[in-house]
Amino acid sequence: NNDIRFPFSLGSDNHTAVHPRIMSAIAAVNIGCAPSYGTDPVTAKAVQIFKRHFGDHIDVHFCFNGTAANILALAPLFKPHHSLLASEHAHINVDECSAPERHLGLKIIPIRNTNGKLTTELLEPHLVRRGDQHFAQVRGVSITQPTELGTLYSLEEMAAISSFCKKHGLWFHVDGARFANAAERLGVSFEKLTEGVDALSFGGTKNGLLFGEAVLFLSDAARRAAVDFPYVRKQLMQL
């Protein structure tokens with residue numbers, strides 16, 4: 001209806017229209033027949049593109065939205081008695097309606113900070129009562145890149161958190177709803193920016209797509225832990 005007027009909005013990058021090139025690409029492949037549930041040639045090509053940018057060793061899976069991407073990235077790595085350290089501003093802490101807690105049973109521990117970023121100094125005090133059966137066991141760290149406050153983790157800052165996680169046997173997850181923006185601003189490749197990261201939620205919805213996110217398992221340990229991921233995704237209604 002040409003009579004509808006759409007006001008300009010800076011409320012969220014979700015408010016903008018789908019990028020015309022995306023719509024054209026969808027129309028171009030919307031022909032003929034193909035097997036479903038990710039077994040089609042277009043999905044296979046998308047996986048190869050991800051591997052070209054992140055490395056051949058990674059596992060790539062697709063889902064519908066950002067909340068699901070975060071939950072699915074964490075699901076194979078955490079058990080209900082585990083806890084996850086995250087910024088108090090983190091999307092998974094304040095904007096996902098307790099979905100991680102409901103579906104995974106884990107406990108999110110929000111960490112106070114001034115710029116949306118975590119540091120090893122902020123993380124260290126929360127490594128307490130390890131091995132104590134009365135206390136939720138810290139099992140991982142989640143950061144958002146870029147953060148909810150628009151700040152960026154440098155390569156050095158990410159490397160420090162990665163080293164911290166490896167030292168203490170923690171998973172390192174990155175909420176990358178706008179990950180492409182971070183890589184462009186820092187002037188580095190996706191593969192370089194994810195060195196030392198175990199799992200990444202890679203956003204498409206906030207980068208012009210009609211819908212869709214990717215869940216990437218990057219480290220060998222995370223890939224082994226996520227060997228049953230297809231079943232987890234199906235049970236969480238994202239296939």
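Buried means under 20% relative accessible area, exposed means over 50%, and partly exposed lies in between (1.4 Å probe, protein chains only). The views below show a predicted model, in which local features need pLDDT of at least 70 and side-chain atom pairs count only at pLDDT 80 or more, while totals for chains, interfaces and linings use all residues. Residues are numbered from 1 along each chain as its sequence is written, and side-chain values use heavy atoms, with hydrogens and water left out.

**View 1. R223 and D220 in helix α10.**
R223 and D220 form a salt bridge, with 3.7 Å from N to O. A salt bridge is a side-chain nitrogen of Lys or Arg within 4 Å of a carboxyl oxygen of Asp or Glu. The two residues are three apart in helix α10 (residues 220–225), so about one helical turn separates R223 from D220. Helices (H or I, at least four residues) and strands (E, at least two) are DSSP runs, numbered from the N terminus. R223 is partly exposed at 28% relative accessibility, and D220 is also partly exposed, at 46%. A network of salt bridges links D59, D220 and R223.

**View 2. The salt bridge between R178 and D13.**
Six salt bridges are found in a search of the whole structure. In one of them R178 pairs with D13, and the closest N and O atoms are 2.6 Å apart. This pair connects distant parts of the chain, 165 residues apart: R178 is in the loop between β5 (171–176) and α8 (179–186), and D13 is in the segment before α1 (20–29). R178 has 30% relative accessibility and counts as partly exposed. D13 is partly exposed as well, with a relative accessible area of 25%.

**View 3. R129, a residue with positive phi and a salt bridge.**
R129 lies in the loop between α6 (120–123) and β4. Its phi is near 55 degrees, a positive value in a residue other than glycine. The side chain of R129 forms a salt bridge with D132, the closest N and O atoms being 2.9 Å apart. R129 is partly exposed, with a relative accessible area of 44%, and D132 is partly exposed at 22% relative accessibility.

**View 4. Y37 in the loop between α1 and α2.**
The loop between α1 and α2 (41–54) holds Y37. Although Y37 is not a glycine, it has a positive phi of about 60 degrees. Y37 is exposed, with a relative accessible area of 57%.

**View 5. The cis peptide bond at P146.**
The peptide bond from Q145 to P146 is cis, with omega near -5 degrees. P146 is placed in the loop between β4 (137–144) and α7.

**View 6. The nonpolar cores.**
The largest nonpolar core has 33 residues, and those with the most contacts inside it are F54, V141, I143, F202 and L216. Helix α7 (residues 155–168) supplies the largest share of this core, four residues. A nonpolar core is a set of buried Ala, Val, Leu, Ile, Met, Phe, Trp, Tyr and Cys residues joined through side-chain atoms within 4.5 Å. Not counting residues up to four places away in sequence, I143 touches L118, Y153, M158, I161, F172, H173, V174 and D175. Contact means heavy atoms within 4.5 Å. Another core, of 25 residues, lies apart from the largest one and includes I71, L74, A86 and W171.

**View 7. The cysteines C63 and C97.**
Zero disulfides are found in a search of the whole structure. C63 is in no disulfide, and the nearest cysteine sulfur, that of C97, is 18 Å away. A disulfide is a pair of cysteine sulfur atoms within 2.5 Å. The 18 Å between the sulfur of C97 and that of C63, the closest cysteine sulfur, is too far for a bond. C63 counts as buried at 6% relative accessibility, whereas C97 is exposed, with a relative accessible area of 77%.

**View 8. A nonpolar patch on the surface.**
M23, I26, F64, L210 and F211 form a nonpolar surface patch with about 470 Å² of accessible area together. Patches are made of residues with over 30% relative accessible area and no salt bridge; like charges are joined within 9 Å, and nonpolar side chains (Val, Leu, Ile, Met, Phe, Trp, Tyr) within 5 Å. Accessible areas come from the Shrake-Rupley method with a 1.4 Å probe, and for residues only the protein chains shown count as cover. L210 is in the loop between β6 (199–203) and β7 (213–217). With a relative accessible area of 45%, L210 is partly exposed.
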